[in-house]
Amino acid sequence: MSEMTINLKVWRQKSANSEGKFQDYKLNGVSEHMSFLEMLDVLNENLIKEGKDPVEFDYDCREGICGSCNLVINGRAHGPKHMTAACQLHMRNYSDGDTIVVEPPRAKAFPIIRDLVVDRTAFDRIIEAGGYVSVKTGAAPEANLIPVEKEKADEAFDYATCIGCGACVAACPNSSASLFTGAKLAHLNSLPQGQPERDKRSVAMVEQMEEEGFGDCSNHAECEAVCPVGISISAIAQMRRDYMKALV
Amino acid sequence: MKLESNVPSGPLEEKWSRHLKDLKLVAPNNKRKYKVIVVGTGLAGASAASSLAELGYEVSTFCIQDSARRAHSIAAQGGINAAKNYPNDGDSVWRLFYDTIKGGDYRSREANVYRLAQNSNSIIDQAVAQGVPFAREYGGLLDNRSFGGAQVSRTFYARGQTGQQLLLGAYQSMMRQVHAGKIKNYPRHEMLDLVVVDGKARGIITRNLVDGSINRWQADSVVLCTGGYGNVFYLSTNAKNSNVTAAWRCHKRGAAFANPCYVQIHPTCIPVSGDYQSKLTLMSESLRNDGRVWVPRDPDDSRKPNDIPEEDRYYYLEERYPSFGNLVPRDVASRNAKMVTDEGMGVGETGLAVYLDFRDAIKREGRDAIAAKYGNLFDMYQNITDDNPYEVPMRIFPAVHYTMGGLWVDYNLMSNIPGLFVAGEANFSDHGANRLGASALMQGLSDGYFIVPYTVGNYLADADLTSVTTEHEAFSEAANASTEVLDKLLQINGDKTVVEFHRELGKIMWDKVGISRSKEGLEEAIEEIRALREEFYQNVRVPGESSYYNKYLEFAHRVADFFELAELMALDALDRDESCGCHLREEYQTEEGEALRNDKDYSYVSAWEYGGANGKLETTLHKEPLEFEFVELKQRSYK
C-alpha cells in the first residue's frame, strides 16, 4: 500500500461575516484507499492534537446519497471523478506530492456558516413552494389503480434521484439552481400523480428559486457535468417549457 | 415503574380496528390548540409530522442535519415489504406477520407485528400517490422482488434507492405543511434533553448547531423519531451523525430502554480496509437474490476467485440451508460468514471477507439485466474498492447495521413517560431479536403515517395538561444541565481525541458485544467500557468552544452517552442467558450452531430503568412478558 504526502489549501472562515482565507497544510501518510473525507478526518485529528481548530465540513452518510457533502475540490464541485460525490472520492485518484485546493460552494444563496459549511436551506424553500403532490395521509387510492408506463416511471426516477447537494449551483457561472429545481419538476410533472398541480407547481418553484437569489440558466451545462447522480440538463428544458405553458 | 403493553383484547385480526374505534378524538377546531414536537425527520419523523399537521395540530420538527431530507433513512437501499400479493405467489397479511415474528425469533409482540403487516399495503398506496417512482413492469403496474427470510416476492423497490425515494415523499409532504404554516421546521438543531413536568413530557431542550445557543421548546406531546444507536460500535453502516443522545437523555429522564442488546449485523457490507476507516458501506441484501456467497474450500487456496473451479468453491449458505439458500435471514448469514472466516476460509488481504459472486447470474440473464437491477450498487462498490463486480466477485463482510432495541413503548407507541411517543428505529419496535430485510422502511412509515397520528390524539384528548411555559423550573433545570455537560467536556483538555476514544469503544463492542457473545467476554467488556469511560472524562480533548458550529463538540457529548449505552447493552446481553435472533451467546447453540432460545425463562422484553452515579450504571431490569396466543413457538429453521 503506497502512502502519499498531500499539500492542502483549505478555505478557513470563522463565520458568515468574517473574512476568509486559504490555509496551507501538509499531510503525510495518506493511504490510497482512504476516502477524501477520511483524509480530511486525519487532518482534523492532527489539528486537534496541535491545539488548533479543526476544519468544519458537512457530511453524514458517506455513501453518496444524503447530499450533505458539497466540497469544491480544485475548482470542481465534488472533485475530479465523474458522477461521484466528494464522500465517494478516494485518494487513489491523487498522487504523492499533489496540491489540492478545498473550498466551499460559492453562491449568494448559500451563505457560509463556518469554513466549508454553508447554509442550503434555500433548497428546502424551493421544495416548500410546490415540490410535492398534495395528498393527505390515508387519502390514497389502491396503488395499482395508477398505472405508469415503465419508461415514464424510469425517467421520473432518473430525475427524482437528485440528492440536493448543491453542486449544480456551485458549478454554474450564474449560481443558478435550475438543475435542482428542474429535476424535482421533471420528476413530478412527468407522472400522472403530478398532473393536477403541474402548472401551479412549475410557477411557484421557479419563482421561489429566483427569490432566493439564484441566477438564471444560460446553458453552460456545467451543472450536468458535476452532478454526482447524473441528472440530465434536459430537466431545465422541461422546466422552461412547463413554466411557459403555465403562464399562457 | 409500571409497564403496561395496553394490547387490546380480541382476535388478532381485529385488535387494531377495534382499538381505532376506541381511541379518543380531538375535535378539528381544538387540534390547533395542541403543540406537538417531532424530533428527527427520517421516515418515521417526516411521516408523523406531516400527518399530524394535516390533522390540524401545531407541529414543530427538529433535526441535526442541514435539511430534513438528509435523515439516514435516505440511505436504505433495497426495498419495502407489503402484503399486496401482486405476484400471486400466496402472500397475505398473515404470512407477512408470521415471517416477521418468526424472523424476529419470537421476541416481539404479536399484536404490534400483526398491525404492522396490516398497515403495509396502505404505505405503498400512500407512497405511490405522492409520486414515489417505484419500479414497474411493462404493463405499468408495480414490480416486486424477493428478500431474505421470505419465500414470496413482496418487496417494492426503487432501484437501489428505495429509502431515498420514500423519504423524499415523506419530506415533500412535510414541506407542504411547512408551506401551509402548520409545521415549523428547525434543521441543525440537536435535542439535548426532555423536559418532564408533573410526570408528563412537556418539551425539549435543543442546541442550535450553528450558533451554539441552548433553546427551550414547550409542547403538549413529544414524538421521538431519532433512529438507532448502531454507531456505538464506531464503525457501522449508520451515517456519521447518527447517535443515541436524544433517546438516551429521555432514558435518563425515566423512559425505559428495551432490549438494548439486539443489534443487527448486516451480512453484505464492504470489508474494512484500514484504521482510518470512518464508516462501513452496505451492499443491499437484494444482491443475494442473484449473487452467490462462497469461500474457497481450502483455507490455503491463493488462486484468484475466477481461477477457482466449481468443485473447490464452498457455497456454504446453499449447502447448509437448501430451502432458503443465499436468502437466509441476516443474522444467519452473518453468523455463517463469521464461522467460515474463523475457520480460516476468509478471502482478501485481511481474511475478513467472503465472496458474493454474480458470474452465474450474468451468464443466465446477461450483463444488462443485472445492471438494470443493481447498477448503482455495482458502481458504488467499484468506486470504493477499485474492483469491477461484473468481472470479479464482490468481497463482503458483516457490519453493524440496525438496532432492534430502543425506548420501550406500549401498543400506542407511547413510552412509560406519558406524552412521550417513540417511533421508527428509536423504539424497541416490532422486529424482536432480528429484523428482516425491507421491514425497517415499513415500520418507520407505519408508525409515522398510520399509528402515531391516532394515538397522539387519543393521549391529548384526556391528558388534562396544565399550562406550562419555558420559564418553568423544569425547563431551566434541563437547560442548565445541558450546558453543564458541554462545558465539562470542553474543560477537560486532555491528550486523546474523541474519535480515538470512540474507535476504542467500538472495538470493545465489536469484539465482545458483537456477532457472538459469551458470559466471560461480556463481563470483560463491562470492565473495559467503565475504564475507558473514566479515562474519557480525564483525558479527552474537545477543540474550540460551544458558541459556534463545532462538530467535534457534538461528537464528544454523543460519545459520552454511547459509553453509558454500551455498558447497558453488555448488561442486557449478559442477562439474556439464551441465544435468540441476532443475540448469539456462545454457551447456547444447537449442535448445528444455530441460536438456541429458552422460551421458558426468557420470553420477555427487557426494559431497563436508568440509575447511575459516580460513573457506574445502576440500572433496574423490568420484564414485560411476551405472550403468544396465535403463533406456536418453534425452533427457527431455514434448512
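## Helices α6 and α8 of chain A

A crossing of two helices is left-handed if the near helix is turned anticlockwise from the far one by less than a right angle. By that rule, α6(A) passes α8(A) in a left-handed crossing. The model shown here is predicted. Two packed helices are described by the angle between their axes and the distance between the axes. Here, helix α6 (residues 198–211) of chain A and helix α8 (residues 234–247) of chain A have axes 8 Å apart. The packing angle is about 110 degrees. Angles of 65 to 115 degrees count as roughly perpendicular, so α6(A) is roughly perpendicular to α8(A).

Which residues make the contact? From α6(A) come A:Arg198, A:Asp199, A:Ser202, A:Val203 and A:Val206. From α8(A) come A:Met239, A:Asp242, A:Tyr243, A:Ala246 and A:Leu247. Sorted by class, the contact of α6(A) with α8(A) has six nonpolar residues, one polar and three charged.

## Helices α3 and α5 of chain A

Now take another pair in chain A. Helix α3 spans residues 150–160 of chain A, and helix α5 spans residues 178–189. Their axes come within 8 Å and cross at roughly 155 degrees. Angles over 145 degrees count as roughly antiparallel, so α3(A) is roughly antiparallel to α5(A). The crossing of α3(A) past α5(A) is left-handed.

On the α3(A) side, the contact uses A:Ala156, A:Tyr159 and A:Ala160. They meet A:Ala183, A:Ala186 and A:His187 in α5(A). Five residues of this contact are nonpolar, one is polar and none is charged.

## Where the chains meet

Next comes the interface. Here 63 residues of chain B are in contact with 65 residues of chain A. Several helices of chain B give two or more residues to the side that touches chain A. They are α3 (43–55), α5 (110–130), α6 (162–179), α11 (367–385), α12 (440–461) and α16 (551–575) of chain B.

Which element gives the largest share of that side? It is α6(B), with nine residues. By class, the side of chain B that touches chain A has 26 nonpolar, 23 polar and 14 charged residues.

## Chain B as a whole

Chain B has 17 helices and 23 strands. Its radius of gyration is 24 Å. The globule rule gives 26 Å for 639 residues, and the two values are close, so chain B is as compact as a globular protein of that length. Along the principal axes, the C-alpha atoms of chain B fill a box of roughly 75 × 60 × 50 Å.

How much of chain B is buried? Of its 639 residues, 60% count as buried. Now consider contacts in chain B between residues at least 6 apart in sequence. Of these, 74% join residues at least 24 apart.

Most residues other than glycine have a negative phi. B:Asn6 has a positive value, near 55 degrees. B:Asn6 lies in the segment before α1 (15–22) of chain B. Is B:Asn6 buried or partly exposed? B:Asn6 counts as partly exposed because it has 13 C-beta neighbours inside 10 Å.

B:Asp198 also has a positive phi, near 50 degrees. Where does B:Asp198 sit? The place of B:Asp198 is the loop between β6 (189–197) and β7 (200–208) of chain B. B:Asp198 has 11 C-beta neighbours inside 10 Å, so it counts as exposed. The cut-off for exposed is 12 or fewer.

Methods:
Residues numbered from 1 in each chain as written. Chains lettered and ligands numbered in written order. Predicted model: local features only at pLDDT ≥ 70, side-chain atom pairs only at ≥ 80, totals over all residues. Axes fitted to C-alpha atoms, helices over the stretch in contact; angles between N-to-C directions. Helix = DSSP H or I, 4+ residues; strand = E, 2+ residues; numbered from the N terminus. Parallel < 35°, antiparallel > 145°, perpendicular 65-115°, else oblique. Contact = placed C-beta atoms within 7 Å. Nonpolar A, V, L, I, M, F, W, Y, C, P; charged D, E, K, R; others polar. Rg over C-alpha atoms; globule rule 2.2 N^0.38 Å. Buried ≥ 20, exposed ≤ 12 C-beta atoms within 10 Å, placed from the backbone.
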